[in-house]
Amino acid sequence: MSAIASNLQAVRRRIETAAQACGRAPDDIALLAVSKTWPLDSVLQAAAAGQRAFGENYVQEGCDKAMATAGQGLEWHFIGPLQSNKTRPVAEHFAWVHGIDRLKIAERLSTQRPEHLPPLQVCVQVNVSGEASKSGCTLAEAPALCRAVAALPHLQLRGLMAIPEPADNEAAQRAPFRALRELYEQLRTSGLPLDTLSMGMSHDLEAAVAEGATIVRIGTAIFGERNYA
Ligand SMILES: *Cc1c(COP(=O)(O)O)cnc(C)c1O
């Protein structure tokens with residue numbers, strides 16, 4: 001078995017254990033394999049081990065991999081920061097965008113989404129740690145942004161995404177995830193049909209699952225340490 005295949009198995013087991021620990025069904029948590037910086041061959045190894053959804057955060061690199069694997073049934077998620085002059089290739093080559101943090105980007109993606117493709121599946125990114133350096137809208141801005149995004153014709157708003165500051169214990173890791181889940185529940189109560197909480201990375205997967213993650217975005221634990229980004 002390749003290292004990637006056995007890492008994938010270990011990550012799936014972590015998800016299962018974390019889900020069982022809080023009484024959730026493991027199948028309710030999707031694994032997004034974050035292949036950014038890794039060559040196509042790594043993607044193909046993961047695909048051979050049954051992985052279908054892949055996350056990229058560089059536009060050109062992600063589009064190249066999506067094009068190289070067209071027709072193989074893989075699903076590409078853009079998870080990086082997105083500048084307005086780079087929206088078109090993302091609208092054309094990805095199935096999902098997790099980092100919507102302002103309306104202008106969402107409007108461009110909706111306009112540029114090709115008619116023959118299903119709506120682009122999107123999450124609004126919320127800054128739950130509150131430092132100025134991280135992208136994402138504020139908790140206070142999120143409801144209005146979500147309603148505006150949900151109204152765009154070629155996007156389907158699925159939920160919320162966050163990348164909290166790293167923390168070294170589970171209680172500290174859970175607090176920002178809980179804030180995201182509470183916002184998610186408020187938005188659902190207010191009538192938005194959301195089903196996705198995109199949260200949790202290699203170091204805080206368990207905390208995210210405990211707080212209700214439905215997609216975890218895992219890079220290092222599958223592919224190894226990156227040399228950059
Ligand atoms: C790189 C990245 C990940 C994966 O992080 P790991 O710590 O390698 O698991 C998840 N989400 C986003 C947005 C990323 O940029």
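Thr37 counts as buried at 17% relative accessibility, where buried means under 20% relative accessible area, exposed over 50% and partly exposed in between, computed with a 1.4 Å probe on protein chains only. Thr37 lies in the loop between strand 1 (30-34) and helix 2 (40-48); helices (H or I, at least four residues) and strands (E, at least two) are DSSP runs numbered from the N terminus. The phi of Thr37 is near 75°, a positive value in a residue other than glycine. Most residues other than glycine have a negative phi.

The model is predicted: local features need pLDDT of at least 70 and side-chain atom pairs count only at pLDDT 80 or more, while totals for chains, interfaces and linings use all residues. Residues are numbered from 1 along each chain as its sequence is written, and side-chain values use heavy atoms, with hydrogens and water left out.

**Ligand surroundings**

The ligand is surrounded by 13 residues, of which the closest are Lys36, Ser202, Gly219, Thr220 and Arg226; a residue is near a molecule or strand if one of its heavy atoms lies within 4 Å of it. Polar contacts, that is, pairs of N or O atoms within 3.5 Å (within protein, one must be able to donate a hydrogen and the other to accept it, and residues adjacent in sequence count only if both atoms are side-chain atoms), are listed below.

| Residue | Protein atom | Ligand atom | Distance |
|---|---|---|---|
| Lys36 | polar side-chain atom | oxygen | 2.6 Å |
| Arg217 | side-chain N or O | nitrogen | 2.9 Å |
| Gly219 | polar backbone atom | oxygen | 2.8 Å |

A nonpolar core is a set of buried Ala, Val, Leu, Ile, Met, Phe, Trp, Tyr and Cys residues joined through side-chain atoms within 4.5 Å. In the largest core, of 60 residues, those touching the most other members are Ile100, Leu109, Val124, Val126, Val149, Leu160 and Ile222. Helix 1 (residues 3-21) gives the most to this core, with 6 residues. Apart from it lies another core of 8 residues, including Ala53, Cys123, Met161 and Ile215. Beyond its neighbours within four places in sequence, Leu160 is in contact (heavy atoms within 4.5 Å) with residues that include Val124, Cys146, Leu180, Tyr184 and Leu197.

In helix 6 (residues 142-150), the residues Ala142, Pro143, Leu145, Cys146 and Val149 are buried. They lie on the same side of helix 6 because they cover an arc of only 165° around the axis, taken from the directions from the helix axis to the C-beta atoms. Their cover includes strand 4 (96-100), helix 5 (103-112), strand 5 (120-125), strand 6 (155-161) and helix 7 (170-189).

**Cysteines**

With a disulfide taken as a pair of cysteine sulfur atoms within 2.5 Å, the count comes to 0. The sulfur of Cys123 is 9.2 Å from the closest cysteine sulfur, in Cys146, and therefore too far for a bond. Cys137 is in no disulfide either, with the nearest cysteine sulfur, that of Cys146, 6.6 Å away. Cys123 is buried at 0% relative accessibility, and Cys137 is buried at 2%.

Ala19, in helix 1, is buried with a relative accessible area of 0%. Ala19 and Glu206 are 187 residues apart in sequence, yet their C-alpha atoms are 8.2 Å apart in space. Neighbours within four places aside, Ala19 is in contact with Arg24, Ala25, Pro26, Ile29 and Val209.

Thr214 is found in the loop between helix 8 (205-210) and strand 8 (215-218) and counts as buried at 16% relative accessibility.
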